[in-house]
Amino acid sequence: MIEGLKFDEKGLITAVVQDAQSKEVLTVAYMNEESLQKSIETGETWFYSRSRGELWHKGETSGNTQKIVSIKTDCDADALVVEVLPAGPACHNGTISCFTETVLENDSVGSVDIIPELARIIRQREIDMPEGAYTTYLFEKGIDKICKKVGEEATEVVIGAKNRDAQEVKWEAADLIYHLLVLLQEQKIDVYEVLEVLKSRHEEKRASTKNQ
């Protein structure tokens, strides 16, 4: 596979590093053939530093390593997307991603990254239990209250759908997802574990269809 890649005149190829779960772009770096081979062999990211002229292992000093899930190339074979499970911040500034400054953002467009963000907030709420927060109230009331709210919101979604009220369905579905995330946190189940089940079922179904 490495032999088919197109390295530039300096022997480098662009590597876009992406969180395998949230799909957030963490950083953009460069690899040469040796660092790519090391990445494949060790299962962690190795890059080539253009400024220092040497290989570097992400997290070697900071401990913020990146466990590789997959490495993909584009249609021209001259760029890579490296999906990883990060052990800590990707940026030397201590942020999760190097991409923190917003140039343009359309707030009217939904994105799946709100799911892990909400999960993080709910997890922190359970730790801090800030007074007056609705999430704190749910955790204080316990599993019976949380389950009741999940059931109520699910019913509201059904009612909205039966009434063909798209706006109501959207609002109630959002409430359902939030309360479901609270329930998952109460049960100490990571939302990514649920997504893993969905992915596994999808892969099984696809394999089954292919073999028919």
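Analyst: Helices (H or I, at least four residues) and strands (E, at least two) are DSSP runs, numbered from the N terminus. The model is predicted, so local features need pLDDT of at least 70 and side-chain atom pairs pLDDT 80 or more, while totals for chains, interfaces and linings use all residues. Numbering runs from 1 along each chain as its sequence is written, and side-chain values use heavy atoms, with hydrogens and water left out.

User: OK, α5 then. How far does helix α5 reach from its first C-alpha to its last?

Analyst: Helix α5 covers residues 166-186, so 21 residues in total. The expected span is 1.5 Å times one less than the number of residues, and that gives 30 Å here. The computed reach of α5 comes out close to that, at 30 Å.

User: Which residue has a side-chain oxygen reaching towards a backbone nitrogen at the start of α5?

Analyst: The backbone nitrogen belongs to Q167. A polar contact is a pair of N or O atoms within 3.5 Å; within protein, one must be able to donate a hydrogen and the other to accept it, and residues adjacent in sequence count only if both atoms are side-chain atoms. The oxygen that comes to within 3.3 Å of that nitrogen is from D165.

User: And what follows α5, with a positive phi?

Analyst: Past α5 you run into a residue with phi near 60°. That residue is K188.

User: Which helices do the buried residues of α5 pack against?

Analyst: The buried set of α5 includes E172, Y178, H179 and a run from L181 to Q185. Their packing is with α2, α3 (134-141), α4 (143-162) and α6.

User: Why does N32 count as buried?

Analyst: N32 sits in the loop between β2 (25-31) and α1 (33-42). Buried means under 20% relative accessible area, exposed over 50%, and partly exposed in between (1.4 Å probe, protein chains only). N32 counts as buried because its relative accessible area is 14%.

User: How far apart are the C-alpha atoms of D113 and K23?

Analyst: D113 is in the loop between β6 and α2, and D113 is partly exposed, with a relative accessible area of 44%. Along the chain, D113 and K23 are 90 residues apart.

Conventions: Contact = heavy atoms within 4.5 Å.
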